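Student: I have a model open and would like to talk it through with you. Could we go through its fold and its rings together?

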Amino acid sequence: MRCFRLLPVLITAALVSVGCADEPSSEPSPVKVAFDDGWGQVFLADTGGSALQQITPTTTVDDTDDRYSTYPALSPDGTQLTYTRAGRFIDIVDLDSGHSRTLYEGGCQPVFSPDGTLIAFSSSDGISIMNADGSDVRVIVEQDFRRVRRGSTRSRRRAVFCV
């Protein structure tokens with residue numbers, strides 16, 4: 001089951017490596033892909049599968065380990081990576097130096113804005129954004145279940161929320 005978590009990453013990596021431009025760039029650079037292995041560790045690799053680099057430490061088998069990491073997101077310029085640690089911390093790591101730090105406690109599933117200046121994430125308050133340095137945290141969509149329609153898929157294995 002955990003191998004299915006890698007399928008979207010590999011498909012995306014294959015599509016990105018093919019490219020969309022009519023003319024190839026003069027100096028191609030390797031495309032990097034960040035992913036978690038389903039066991040609490042975050043990795044970085046190029047689309048060819050080489051240059052595999054473990055970003056977060058090896059964890060125990062369960063998500064009670066404070067180092068358990070998921071939902072990695074690579075910055076658009078490829079210099080930083082943000083991820084959820086222990087289900088509640090949003091951490092960021094500088095890929096050149098390897099230095100990591102916690103940006104926010106109480107959020108998960110971070111993703112960079114296209115220009116890399118903001119990070120959006122979900123929390124118990126709703127959907128929030130902050131500057132890439134962790135400053136100026138603000139809620140942009142409040143969690144209000146009175147205004148949310150809830151449903152489920154036919155198999156009833158997934159919940160669907162429409163805001």
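Student: Which pattern does the protein chain follow, read along the sequence?

Tutor: Happy to start there! This is a predicted model, where local features need pLDDT of at least 70, side-chain atom pairs count only at pLDDT 80 or more, and totals for chains, interfaces and linings use all residues. Residues are numbered from 1 along each chain as its sequence is written, and side-chain values use heavy atoms, with hydrogens and water left out. Helices (H or I, at least four residues) and strands (E, at least two) are DSSP runs numbered from the N terminus; the chain has one helix and 13 strands, and its pattern is α-β-β-β-β-β-β-β-β-β-β-β-β-β.

Student: Why is strand β1 largely enclosed by the rest of the structure?

Tutor: Buried means under 20% relative accessible area, exposed over 50%, and partly exposed in between (1.4 Å probe, protein chains only). Phe35 counts as buried at 17%. Strand β1 spans residues 32–36, and it is largely enclosed because the number of its five residues that are buried is four.

Student: What is the angle between the planes of Phe35 and Phe43?

Tutor: Good one! Rings of Phe, Tyr and Trp (its six-membered ring) pair if their centres lie within 6.5 Å, with planes under 30 degrees apart counted as stacked, over 60 as edge-to-face and the rest as tilted. The whole structure holds two aromatic pairs. Phe35 and Phe43 form a stacked one, 5.8 Å centre to centre, and the angle between their planes is 20°.
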